[in-house]
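The sequence and the model are shown first, and the description follows.

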Amino acid sequence: MRIVVLGGGFAGMETVRVLERGLRDRPDVELLLISDRNYLLFTPLLPQVASSMVEPRHIVQPLRDIRGSGRFRFRRDTVTDIDFAGRRVIMTEGVERYDRLVVAMGSVVPSFGVPGVEEHALGYKWLEDGIVLRDHILDAAEHADHEPDPAARRRMLTVCVVGGGYTGVELIAELQDFFQRYIVPRYRGIDPGDYRLLLVEAGHEILRGVHPTLAERARRKLGREGIEIRTDTRVTRVLPGAVEVAGGEQVPVGLTIWAAGVTGHPALAHLPVERDRLGRLITRPTMQLKDHPEVYGAGDAVTVEGNPTASIPIIPAALAHARLAAENILAELEGRPLGTIDFAPQGMLVSLGERDAVVEVFGLRFSGYFAWLFWNALHLWKLVGFRKQLQVALDWGMAQFFPRDSSIMRRVSRCPVCAHHTPYRERDAA
């Protein structure tokens, strides 16, 4: 018997954890985890990478370290196809067969067919996205620091985040802290009025799914910080140096960050199975694919038929999917009936930068400094491993007493100023 799990994120790792525990006395069952990354990314802290609040390596944990003495095998490879008839997973470096399969490959941020997104906007999904964004912001500050034209300086320091969900709101709040607490005090050519942060949302409100009272509280807080929020505003094109919105208006920007929604993983796009409008695989309430009962799904890669509440692309839902998928595989092996998903969000937490957050837990809603402390404590507790918890706690503590790191670690690929200049070492080599 061979069980294969695709994806090393929260859903994939939770599936493996439950299976390992349930298969402790079954040496005849082999367990294999396949992922194109060899680490688990703690995504709730990703915005703090862009603001240089935490060190990037402190929010990732190598999968082999998480495994420890566990018995499952791990293979780093990229899945390109699934052969349901032959029960095979096809990858760039080979093929693995399976008897039971769990698809937990996550999602990607869709462009929705908007021209220019791929060419001129930065995504915000993976660890490298946070690092690249941080370097781009610092690079813009370096150029703006000695730019004599106020209009050109303001344009350089205009950052537009497209998408008013959790990621977009938490990211723009972190960027506000970064500009206000670090960039303006240390770049003598940049004044507080020189930077502009803009959040664009196509829907009627930001933070859909959060209680309206808390969403409005978040909107007021961001507004007081000087962040411009434009709802009912659909981006129709991303240009170099501007975003175009419905109606043809072009908003000058120095940097566009695309954080608008989720869609199914592209490696699954051509599979002969039913999907929802976002490209996610549709599962039964047992987390089995409708036409392939030997294949289970979990996390952002899937949606549960007839249960939109259980299909929300959030970490608690992914963990609930994973636990049920693993438990149902164990039930199959033991001849027990399968369970069905029973999930409803128990709370929502959204950080609004340092010392502020909005929280709803078990019907209790609160905001402000104590909500921010609760947000920090909960996410610190959920980090995998004491070492990472200690590293992040030290990052947070040191940020209160020492300046954030402003070193640009790599060449900024999309900087319009740098693009017109050839590095000295390249000229010398020529």
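The expected span of a helix is 1.5 Å times one less than its number of residues. The model discussed here is a predicted one.

**Helix α11**

Helix α11 comprises residues 386-399, 14 residues in total, and its first and last C-alpha atoms lie 20 Å apart, close to the 20 Å expected at 1.5 Å a residue. The buried residues of α11 include K388, Q391, V392, D395 and W396. These residues cover an arc of only 135 degrees around the axis, which puts them on the same side of α11. An α-helix has 3.6 residues a turn, so residues three or four places apart point the same way. On the other side of α11, F386 and R387 are exposed. The cover over the buried residues of α11 includes α2 (47-50), β4 (60-62) and α10 (369-382).

**The parallel sheet**

An open sheet of 5 strands is arranged in the order β11-β18-β12-β13-β14, and its pairing is parallel. The edge positions belong to β11 (122-123) and β14 (228-230); each has a single partner strand, so one side of each is left without a neighbour in the sheet.

| Strand pair | Bridges | Direction |
|---|---|---|
| β11 and β18 | 2 bridges | parallel |
| β12 and β13 | 5 bridges | parallel |
| β13 and β14 | 3 bridges | parallel |

L122 stands opposite I257 in β18, a strand formed by residues 255-258. C160 has L198 of β13 as its bridge partner, while L199 is bridged to I229 in β14. From β13 the chain crosses through α8 to β14, and this β-α-β crossover is right-handed. A right-handed β-α-β unit is also made by β12, α7 and β13.

How much of β13 is buried? Strand β13 is mostly covered, with 5 of its 5 residues buried. Here, buried means under 20% relative accessible area. R196, L198 and V200 point one way from β13, whereas L197 and L199 point the other way, and all are buried. Helix α7 (residues 166-186) lies across β12 (158-162), β13 (196-200) and β18, and runs at about 175 degrees to β13.

**The antiparallel sheet**

A further open sheet has 3 strands in the order β24-β25-β26, with antiparallel pairing. Its edges are β24 (347-351) and β26 (364-367), each with a single partner strand, so one side of each is left without a neighbour in the sheet. From one strand to the next, the twist averages 10 degrees. Strand β25 (residues 357-361) pairs with β26 in the antiparallel sense over 4 bridges. Within this pairing, V359 has F366 of β26 as its bridge partner. Helix α8 (residues 212-224) lies across β25 and β26 and runs at about 170 degrees to β25.

Note on methods. Residues numbered from 1 in each chain as written. Predicted model: local features only at pLDDT ≥ 70, side-chain atom pairs only at ≥ 80, totals over all residues. Heavy atoms only, no water. Buried < 20%, exposed > 50% of the residue type's maximum accessible area, 1.4 Å probe, protein only. Arc of directions from axis to C-beta. Contact = heavy atoms within 4.5 Å. Pairing = 2+ DSSP bridges. Axes fitted to C-alpha atoms, helices over the stretch in contact; angles between N-to-C directions. Right-handed = clockwise from strand over helix to strand, strands pointing away.
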